[in-house]
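Open the model in your viewer and keep the selection tool ready. The tour goes from one stop to the next.

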Amino acid sequence: VLPSPDGPEPSVSITEIRQYLRAQDIPFHDGYSCLHTPSLFTGDCGDQPLSPNAPFTLFIDKTTGSFLCTATLAEGTWQDFQANVEMRHRGITPIPPASSEEMEEEMRQAREDARCIWERALPLWELLDEKETKETKALFGISQVTDATLKRFGVRYLRTARSLVFPWFSPQDAKLKGLKLMRVEKKGAMITYVEDTLPRFDSYRNLFGLSLIGRRDTELVITGWELDALALHQSAGVASVALPRGASCLPPTLLPYLEQFKRITLWLGEDLRSWEAAKLFARKLSLKRCSLVRPGNLQPRPLEALNQGLNVTKILRSALLASHKSIVSFRQLREEVFGELVNTEQVSGVKWARFPELNKLLKGHRRGELTIFTGPTGSGKTTFISEYALDLCMQGVCTLWGSFEINNVRLAKIMLTQFAGRRLEDQLELYDEWADRFEELPLYFMTFHGQQNIKTVIDTMQHAVYMYDITHVVVDNLQFMMGHEHLSVDR
C-alpha cells in the first residue's frame with residue numbers, strides 16, 4: 001500500500017538536491033540516474049566536512065531524492081538524508097534509518113532458509129549419472145550452456161524440488177543473501193517456468209550476476225531472465241545481469257549498482273511487452289547510454305539465440321539507440337513499423353484470459369489508453385473491474401488501484417476471493433496459502449478515500465509509475481475523486 005495522503009513525503013527536485021549539497025559543502029558527481037557523494041555512514045564522523053578523496057559510495061536518486069549507501073547498505077528518504085547531515089554537524093555519528101525489528105527478523109530468517117536450501121542443492125555436473133544431468137539440462141533448455149558457465153554463476157540444482165537454484169551474493173562481501181528457485185511445469189505442449197524467491201518477492205532486490213562484475217567494466221547487458229544472462233556471457237563474453245522480476249519491474253534501489261556503466265544494452269525478451277519495458281527502463285537509466293535489442297524472428301531471447309547457433313555479438317551490435325532526436329525520418333522508424341506488422345497480435349495489447357468477448361471489443365490492455373466503464377449504482381462496476389484488473393495483474397501487468405468509494409480492506413477481500421475462486425470465509429485454513437500467492441502479484445493500492453485534491457492523486461500515481469513501473473491504473477470512481485460540485489469539463 002502506498003504512503004497515506006495524511007503525510008505524503010514532500011517531493012524534491014534535482015535542483016533543490018544540488019543546492020542543498022552545495023550549501024552543506026558535500027562534494028558530489030552528477031551520474032546518470034543518481035548523484036554520487038561520499039558516504040555519511042563510513043569513515044571519520046563528527047562535524048568534519050566530507051572529504052572529496054573519500055570513495056563516493058552514497059547514491060541519491062535524481063527523481064525521488066531517496067539514497068542508498070552501497071558500502072553499508074544504509075538507505076532512506078531524502079528527509080532521512082537531511083536528518084543525518086544535521087546529526088553530523090552536531091558531532092553525532094549518523095545512524096542508518098532502521099527497518100522494523102519484525103522486518104529484520106523476517107530477512108534474517110529468509111537468509112537462513114536460503115542457506116539451508118543452498119547447502120542441499122548440488123552443482124549440475126555432480127549429479128549421480130550423466131543421463132540425469134543431460135535430462136535436467138534438456139528440461140530447462142540449457143543443453144548448450146557449459147558446466148564452466150554454470151560454475152561461474154554458481155547455479156545449482158535442488159533434486160527434491162526439481163528446481164534450478166540461482167544464488168544472490170552480496171556485492172560487498174560475497175555472502176549469500178538470498179536465492180531464486182526455478183522449476184518447469186508442462187501442460188501439454190506448453191512449458192511454463194515457475195519461480196520462487198527467498199526473501200519474499202517484494203524485498204527480492206537481486207541483480208543476478210552483479211557480484212561477477214569488475215570495477216573497471218563499463219559496458220553491460222541487462223536481461224530479464226537468469227538463463228539469458230548465462231547464455232550472453234557464454235556466447236559473447238559480455239558482462240551481463242538479470243533483473244529480479246524480469247521485464248515487469250526495475251526497482252529504483254538497483255540503479256546505484258548500474259551507475260558505473262557508460263553503455264547499457266537492454267535485451268529483455270522476445271515479445272513486445274519486453275520491448276515496451278526496455279523503453280521504460282531506458283528512461284530510468286538515462287536514454288543517452290542505453291541501446292535496445294528489438295525482438296524479432298532473427299533476434300530471439302539470448303538463450304534461444306545460443307540454442308539456434310546465432311551470432312549473439314552481431315545481434316548486440318545491431319541494438320538501437322534508445323534516445324533519438326525530436327524529429328525522425330521514416331528510415332529511423334522503418335524497423336519499428338516492420339516489428340508492429342510482424343507482431344500484430346501482440347501490438348493489440350495484453351489479452352484478458354477470462355474475458356474473450358472483451359478482447360473482441362478492446363483487443364487487449366494497451367498503455368496510454370483510457371477506458372471508461374459506466375453504469376448505475378449497484379450494477380457491479382467495481383466487482384467487474386476488480387476481476388478485469390486481476391486478470392491482467394496475474395499476467396504480470398503492474399497495477400495501481402485508486403478506490404475512492406470502498407476501502408482497501410474490502411476491495412482486497414473481493415479481489416482475493418476472485419483470485420482464489422472460492423469463498424474463503426468457509427475455508428479459513430486455506431487463507432494463508434492463498435494470501436501468500438496473492439501477495440506476490442504486482443498489485444498496489446492508493447490509500448485515498450472520498451474526495452481528493454487532483455494534484456495529490458496525480459503526484460502519487462507518477463511516484464508509483466517510477467517506483468513500481470505501473471502500467472495500469474484503475475480509478476474507482478471519478479465522481480468520488482472530484483467531488484460533485486465542480487465537475488468541470490477540463491477535469
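Start by selecting Leu73, which counts as partly exposed because its relative accessibility is 32%. The model is a predicted one. Leu73 sits in the loop that runs between β4 (67-69) and β5 (75-76). Its phi is near 65°, a positive value in a residue other than glycine. Most residues other than glycine have a negative phi.

Next, select Lys363, in the loop between α12 (356-362) and α13 (381-393). Lys363 also has a positive phi, near 70°. With 40% relative accessibility, Lys363 counts as partly exposed.

Now go to Leu198 and Pro199, which are joined by a cis peptide bond with omega about 0°. Most peptide bonds are trans. Pro199 belongs to the loop between β10 (190-198) and β11 (219-223).

Then colour the chain by its domain assignment: domain 1 (14-90), domain 2 (99-204), domain 3 (217-347) and domain 4 (356-481). Keep domain 3 and domain 4 in view; their C-alpha centres are 30 Å apart. In their contact, domain 3 supplies 14 residues and domain 4 supplies 11 residues. Between them the two domains bury about 950 Å², with 49% of it on carbon and sulfur atoms.

What crosses the interface of domain 3 and domain 4? The rule finds 1 salt bridge there. Select Asp469 and Lys284 to see their side chains meet in a salt bridge, at 3.1 Å from N to O.

Last, select helix α7 (residues 272-285), which gives the most to the side of domain 3 that touches domain 4, with 6 residues. By class, that side of domain 3 has 9 nonpolar, 1 polar and 4 charged residues.

Methods:
Residues numbered from 1 in each chain as written. Predicted model: local features only at pLDDT ≥ 70, side-chain atom pairs only at ≥ 80, totals over all residues. Heavy atoms only, no water. Domains from an automatic or database assignment. Contact = heavy atoms within 4.5 Å. Buried area = accessible area lost by both parts, 1.4 Å probe. Salt bridge = Lys/Arg side-chain N within 4 Å of Asp/Glu carboxyl O. Helix = DSSP H or I, 4+ residues; strand = E, 2+ residues; numbered from the N terminus. Nonpolar A, V, L, I, M, F, W, Y, C, P; charged D, E, K, R; others polar. Buried < 20%, exposed > 50% of the residue type's maximum accessible area, 1.4 Å probe, protein only.
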